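My entries are below the view.

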Amino acid sequence: MDMVMKLGTSSSVVIFTKSSCCISHSIETLIRSFGANPIIYELDTHPNGKQIEKALMELGCHPSVPAIFIGKELVGGASEIMSLNVRGKLKQLLIRANAIWV
């Protein structure tokens, strides 16, 4: 779990994905549409991908991907990001995390 937290807090926006996950790709595209440049960890190609996936599930990510950290905090998965976006709060969260500038 420490490895996940270290990776998750290494940048203002970090997304854990799998290359075959279309929802992960959609979330990445949404976040990039605001101008953010997230760090992407594809678990199916990462050397420690299985361990990271297990740790994400222990942190409450079900399914394990996508898992999104913004501002060094685990925001959650696709549902949480979409909810923030629909409520107009995702952009503000990205601004507070210094992931984007207005």
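The notes take helix packing, then the cysteines.

I am working on a predicted model, where local features need pLDDT of at least 70, side-chain atom pairs count only at pLDDT 80 or more, and totals for chains, interfaces and linings use all residues. Residues are numbered from 1 along each chain as its sequence is written, and side-chain values use heavy atoms, with hydrogens and water left out.

**Helix pair.** I looked up α2 (residues 22-33) against α4 (residues 78-86): the angle is about 35 degrees and the axes are 10 Å apart. Helices here are DSSP runs (H or I, at least four residues), and strands are E runs of at least two. Axes are lines fitted to C-alpha atoms over the stretch in contact, with angles from 0 to 180 degrees between N-to-C directions. Ile23, Ile27 and Leu30 of α2 meet Ala78, Ile81, Met82 and Asn85 of α4 (contact: heavy atoms within 4.5 Å).

**Faces of α4.** I find Ala78, Ile81 and Leu84 buried (buried: under 20% relative accessible area; exposed: over 50%; partly exposed in between; 1.4 Å probe, protein chains only). Ser79 and Val86 are exposed on the face turned away. The buried residues pack against α2, β3 (67-70), β4 (73-76) and α5 (90-96).

**Cysteines.** How many disulfides are there? I count zero (a disulfide is a pair of cysteine sulfur atoms within 2.5 Å). Cysteine 61 has its closest cysteine sulfur 12 Å away, in cysteine 21, too far for a bond. Cysteine 61 is buried, at 6% relative accessibility.
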